Amino acid sequence: MHCYETIYDVIVVGAGHAGCEAALAAARIGCSTLLLTINLDAIALMSCNPAIGGLAKGHLVKEIDALGGEMAKNIDATGIQFRILNTRKGPAVRASRAQADKQLYRLRMKRIMEQQDNLFLKQGEVTGLYLEGNELRGVDTRSGIRFLGKTVVLTTGTFMRGLIHIGLTNYPGGRAGDLPSLGLSDQLRDLGFQVGRLKTGTPARLDGRTIDFSRLEAQYGDDPPVPFSFSTGRITMPQVPCHIAYTNQRSHDIIRSGLDRSPLYAGVIEGVGPRYCPSIEDKVVRFPDKERHQTFIEPEGLETVEVYPSGMSTSLPIDIQIPFYRSIEGLEHVEIMRPAYAIEYDYVDPIQLYASLETKPIPNLYHAGQINGTSGYEEAAAQGLMAGINAALRTKGLNPLVLGRSEAYIGVMIDDLITLGTKEPYRMFTSRAEYRLLLREDNADLRLREKGYSVGLVPEADFERFLRKRELIAAEYERICSSRIVMDSREHEFLSTHGLSDIQKGTTFEQLLRRPEVTYGELAEFDDVSRETVPEVREQVEIQVKYRGYIERQLEQVERARKLESTQLPADLNYSSIHGLTTEVREKLSRNRPETLGQASRIPGVTPAAISVLSIALKSDSWKRAGSETRLEEA
């Protein structure tokens, strides 16, 4: 094994969405960073849908941007349709989504990484970690080169022992067209990691020239398109529509006719698939009474005819795929350019991670993305960003950056993973966040910009722009709280026009805006300052006013939970020495090794009574006295 002469601060394995964010974060913080990937031409490749964002996923992208990550900027520069979802609902569940030009997205990210100081890109398959005893020293590659590093971030995606299925035919692959990664997951298992098997899938790619779009329903994006990044002024890419199509009973009959050759139903696939993104055959079997299923025909780019039929993933044999897709109205003559397939891959149970994403069995080793059992580009990128930040901070001797559940969706996701583990692909939902009114897309910069700046990821110009925005919001909020209705002619006309005859002289603008029927735009009808207020400030002030009571209530809940979240559990805590815990609770705490009382309280089966017992034990230090006669009463 040839040992490369450079010793890197951070080695990142894999160049998917997690790997890109991890490598950029570490390099931007000032660490010498090596990124190793099987194929340098597949950096940031969108293996599945050509889109970024969506429900809850958009929140993650905004948070990545607020912390100084790249994903939002990349989609802003290459997006060809932008939409804000759930606009009729409250601000907590509104979400941004954008179609990408798939090739431009990949090429721009590759260019950004190639031009990044401190970041070195090399092509090579990592086959194992290099350890001296239990000390991680670097990685070994199939080409016989050993790279040395102080920390390693694994972002292996679907490549570890990847196996592709099309009908009853299967072959090794990390995704269609790429080789799998072999050997690494076997070593991780030998090192004591709990390695499992998951499955995901992707639809066929269709030839848009063979689709009759005139028979489909066009869906256009927002005009003007709203950027993801807080640093983007406006979207300059040409915008294009998607199209909506539907399956029918004939489609479902064709699918049923091929179920005996579906690897999913023939027992060939061992891995657990995503519950919230099922294949089309799974939908047909699980919902037999549903007459049709919707698909969005999404363009893969401006300079290609390939389109992506979202929601139509399948692992059925090709002789079933062809008539199935052609059974959809408007697709009667469609040609498949790339067949649909399912893929199985190894992952490592994230219960063996600290909140920093460092692994518990091997110090200085970090896991991010699908190796942790998650699904989706956005979930992967968020983990990659945090792993890259914390690996870099470790090399500098600094404490890790850990986001709480009340601070970010990223914090919710990581806490879910390390506390609960996962047996199926994990996907982010707004319902997973108990403080979701505080964790909105629109205020991600207000929550996280300072943290990103403090670790060195947010450029000075972006931070100064943020400080100015925050000052404007505070000043405008103070202004409308102190400005009052004086009943001049303009105000009187406004109140009469809008049927607000009960408003009295002396009412503050804040009190007026608090009413559900009054928006900031209407306030601007008689108030010149409101008319000139920039939209991003208007939005924040209006949300803070209208949802003030709810926000204050959630802040109180956060404060009540703070004590549990900040109470550390010693890493060497001997749960068997603590009397008053049931055998089940002891086993779960010993297996999970939670870092705080808050984490312990979220482990299924760990009761409030057990948390009280733990709290008492920590105060009395009785856990240190193994075999002591001191008994703790059940709370």
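Q: Where is the place of Pro 91?
A: In this predicted model, Pro 91 sits in the loop between strand E4 (79–85) and strand E5 (95–100).

Q: Is Pro 91 buried or exposed?
A: Pro 91 is buried, and its relative accessible area is 4%. The cut-off for buried is under 20% relative accessible area, so a value of 4% falls in that class.

Q: Which residues is Pro 91 in contact with, leaving aside its neighbours within four places in sequence?
A: Pro 91 is in contact with Arg 440, Asp 442, Ile 543 and Tyr 547. Tyr 547 stands 456 residues from Pro 91 along the chain, yet the C-alpha atoms of the two are separated by 9.6 Å.

Q: What about helix H17, how many residues does it have?
A: Helix H17 (residues 535–546) has 12 residues. From its first C-alpha to its last it reaches 16 Å, close to the 16 Å expected at 1.5 Å a residue.

Q: Which residues of H17 are buried?
A: The buried residues of H17 are Val 537, Gln 540, Val 541, Glu 542, Ile 543 and Val 545. Ile 543 is also one of the residues in contact with Pro 91.

Q: And what do those buried residues pack against?
A: They pack against helix H11 (444–454), H12, H14, H15 and helix H18 (548–566).

Q: Changing topic: how many aromatic pairs does the structure hold?
A: The structure holds 7 aromatic pairs. One of them joins Phe 463 and Phe 466, whose ring centres are 5.8 Å apart and whose planes stand at 35°, so this pair is tilted.

Q: Where are Phe 463 and Phe 466 in the chain?
A: Both lie in helix H12 (residues 460–482), 3 residues apart, which puts about one helical turn between them. An α-helix has 3.6 residues a turn, so residues three or four places apart point the same way. Phe 463 and Phe 466 are both buried. Together with Tyr 453, Phe 463 and Phe 466 form one aromatic cluster.

Q: What kind of pair do Phe 509 and Phe 526 make?
A: Their ring centres are 5.5 Å apart and their planes are at 90°, so the pair is edge-to-face. Phe 509 belongs to helix H14 (residues 509–513), while Phe 526 is in the loop between helix H15 (520–523) and helix H16 (528–532). The two are 17 residues apart, and the pair links distant parts of the chain. Phe 509 and Phe 526 are both buried.

Q: Which ring does the charged end of Arg 292 sit over?
A: The charged end of Arg 292 sits over the ring of Tyr 246, 3.6 Å from its centre. In another such arrangement, the charged end of Lys 62 sits over the ring of Phe 230, at 5.2 Å from the centre.

Q: Now the core: how many residues are in the largest nonpolar one?
A: The largest nonpolar core has 81 residues, and those with the most contacts inside it are Tyr 105, Met 113, Met 386, Ile 389 and Ile 410. Helix H9 (residues 377–395) gives the largest share of this core, 11 residues. A second, separate core has 22 residues, including Val 13, Val 152, Val 195 and Ile 362.

Q: Why would such side chains be together?
A: In soluble globular proteins, nonpolar side chains tend to be buried together.

Q: What about salt bridges, how many are there?
A: The structure holds 51 salt bridges. In one of them, the side chains of Arg 447 and Glu 63 meet at 2.9 Å, N to O. Arg 447 lies in helix H11 and Glu 63 in helix H2 (residues 57–67), so this pair ties together parts that are 384 residues apart in sequence. Both Arg 447 and Glu 63 are buried.

Q: Which residue does Arg 161 form a salt bridge with?
A: Its partner is Asp 346, with the closest N and O atoms 2.7 Å apart. Arg 161 is partly exposed, at 32% relative accessible area, whereas Asp 346 is buried, at 1%.

Q: And which residue does Glu 565 form a salt bridge with?
A: Glu 565 forms a salt bridge with Arg 602, and the closest N and O atoms are 2.6 Å apart. Glu 565 lies in helix H18 and Arg 602 in the loop between H20 and helix H21 (608–620), so the pair ties together parts that are 37 residues apart in sequence. Salt bridges that share partners join Arg 405, Asp 415, Asp 416, Glu 434, Glu 565 and Arg 602 into one network.

Key: Residues numbered from 1 in each chain as written. Predicted model: local features only at pLDDT ≥ 70, side-chain atom pairs only at ≥ 80, totals over all residues. Heavy atoms only, no water. Phe/Tyr/Trp six-rings, centres within 6.5 Å; stacked < 30°, edge-to-face > 60°. Helix = DSSP H or I, 4+ residues; strand = E, 2+ residues; numbered from the N terminus. Buried < 20%, exposed > 50% of the residue type's maximum accessible area, 1.4 Å probe, protein only. Lys NZ or Arg CZ within 6 Å of the ring centre and 35° of its normal. Contact = heavy atoms within 4.5 Å. Expected span 1.5 Å × (residues − 1). Core = buried A, V, L, I, M, F, W, Y, C linked by side-chain atoms within 4.5 Å. Salt bridge = Lys/Arg side-chain N within 4 Å of Asp/Glu carboxyl O.
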